[in-house]
Amino acid sequence: MTRRNRIRFVHVLLLLLLTMGAHRSAAVEGVASGSVFFLPDTNGMIGSAYLELYWQINPFSLHYRKDTAGALVARVQTDIVIRHDTGIVLKDRYMMYTDPAAPEQASSRNILELKRLQLPYGTFRVELTLTEPDFPERPFVYTQDINIPPPLPDAARYSDIQIVDTLYAATGKNSVFSRNGYIQIPLAVNFIDDDRKTLRYYAELYQADRIEPELYPLVQHAYISRREDGGLIHYLQQRDTLPGAPVIPVIGSFDLSSLASGNYYLNIRLLDKGERELTQKSYFFQLVNKQPIAREETPAKEDTTEGTGVVFLDMSKTFVSAYSFLQVKAMLEMLLPVTDAWERKTIENFLRKPDEMYMRYYIYNYFLKINDKDPERAWKEFSDKVREVNRLFGSNAMPGYKTDRGFIYLKYGKPSDRILVRNEPGALPYEIWQYYSLGTQSMEGIFLFYQPGSSVQDYRLLHSTVNGELRNSQWRTLLYTKGDANVNMNSRAEQYIRSR
């Protein structure tokens, strides 16, 4: 497709979105991440903590409208809630507008946002919700649990490690992405794809000047490993002698072109003159590199422990080799309910443009994260759940894991209560699933499934009270098609849902 045809295609697509926006509803797609840093007090010691929360939105997932000048603009309501055991400690809501753009440019805009939020010490849950006001039933929801212990007066500490997408010298007016004389654009996901051969990172070291003088010189050792705090691989290490200072920026990069696709850790350790560790920080990331550059030598310190990574891994010796290509595709589809937004996007890309080698790597890596000693066992435990879902909800026309009920069952597990309503006057057949606790969410939730018609054998998700799931304020109109909805005010659905 020529450049002119590509522009024309995007233009037509966006015009279609404009004309269909009142009838089409789709989820806001995005990725998000957060890192904890600290501010020094007047004595140069660790003072207050703050969270850098950053996210990126897929411009194709938004609905655009023309402004008065004829440019396309989308709006996203942003809600940030930070909870502690004692209640909500921070709450923020605002409307974000995309920059006005011509039709051929709107879908290629980089929509990136960063917020710095001051926090006390303690354990918190961060909730970010992005919603298009005209389509509230399909928000993007991101949650992160963070723990910020109070500092020790005479001990050094690292901030979280932040992976940086772009780093260049700042000129002119400062922006929200300015730091230490540089513009730093963080990467909102711990996934390094085939187009990115360099891992850039940023962190901060605090209170190095509080360390006893006899322990100097201090050495900072940064390296890549297959396991957290494991041995370095492929000479990927950096060692620097550090001065004593209240705050020391930690900026570095690694060339990843020699590494094969797999799971890795970036580790930063602070050592005293006797090579004893004073403090450390690690960051997990996944890498896709289909054509690694081979190295002829292996350093003596390289970590060669079997089963801790997939570098030089012969896939024919893993459990994934027992499955055909079609079965591998099905395994990826089975994982969709239990993956986050970025992982779902990766799987969907594989299903559209299959790459058998890395599809197998992806499946192996997924279960390796669950059980690094026996990923096959992790797969078997998950496949047992899939077989249960197929037994409960499958049919000759569709396996259970592809149904709405199967998807929710795999994602949240068996419901606490399952109410089957097959012959309620004036209503289509339906089911209510109630969860008293939703995984890591300390909340209950309701799912309402219904059978749309006699020609549809499966039950479809109609409404849910769970954040991030389908919310349909018109569920009564669709459920009570055989009579007046007012007659059903005492139905089982009303008893459980009401106005939720």
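Mentor: Q207 lies in the loop between β15 (198-206) and β16 (218-225), where strands are DSSP runs of E with at least two residues, helices are DSSP runs of H or I with at least four residues, and both are numbered from the N terminus. This is a predicted model, in which local features need pLDDT of at least 70 and side-chain atom pairs count only at pLDDT 80 or more, while totals for chains, interfaces and linings use all residues. Residues are numbered from 1 along each chain as its sequence is written, and side-chain values use heavy atoms, with hydrogens and water left out.

Although Q207 is not a glycine, it has a positive phi of about 65 degrees. Q207 counts as buried because its relative accessibility is 1%, where buried means under 20% relative accessible area, exposed over 50%, and partly exposed in between, with a 1.4 Å probe and protein chains only. The loop between β15 and β16 also holds P217, and the peptide bond leading from Y216 to P217 is cis, with omega near 5 degrees.

With a relative accessible area of 43%, E275 is partly exposed.

Another positive phi, near 55 degrees, belongs to N180, which sits in the hairpin of β12 and β13, a hairpin with two residues between the strands. Strand β12 (residues 178-179) pairs with β13 in the antiparallel sense over two bridges, pairing being counted if DSSP finds at least two bridges between two strands. The bridge partner of S178 in β13 is I183. Strand β11 (residues 162-169) also pairs with β13 in the antiparallel sense, over five bridges, and here V164 stands opposite P186. Strand β13 (residues 182-186) is mostly covered, since four of its five residues are buried.

Elsewhere, an open sheet of three strands has the order β1-β2-β7, with antiparallel pairing. β1 (30-40) and β7 (111-119) stand at its edges with a single partner strand each, so one side of each is left without a neighbour in the sheet. Between β1 and strand β2 (residues 46-57) there are 10 bridges, and A32 has W55 in β2 as its bridge partner.

Turning to the helices, helix α3 (residues 325-335) and α6 have axes that come within 11 Å and cross at roughly 75 degrees, where axes are lines fitted to C-alpha atoms, for helices over the stretch in contact, and angles run from 0 to 180 degrees between N-to-C directions. α3 and α6 are therefore roughly perpendicular to each other, because angles of 65 to 115 degrees carry that name, while those under 35 count as roughly parallel, those over 145 as roughly antiparallel and the rest as oblique. M331, M334 and L335 in α3 meet W379, F382 and V386 in α6, contact meaning heavy atoms within 4.5 Å.

Helix α6 (residues 375-393) also packs against helix α7 (residues 404-412), at an angle of about 150 degrees and with the axes 10 Å apart. That angle makes α6 roughly antiparallel to α7. Residues of α6 in this contact include F382 and V386, and those of α7 include Y409 and L410.
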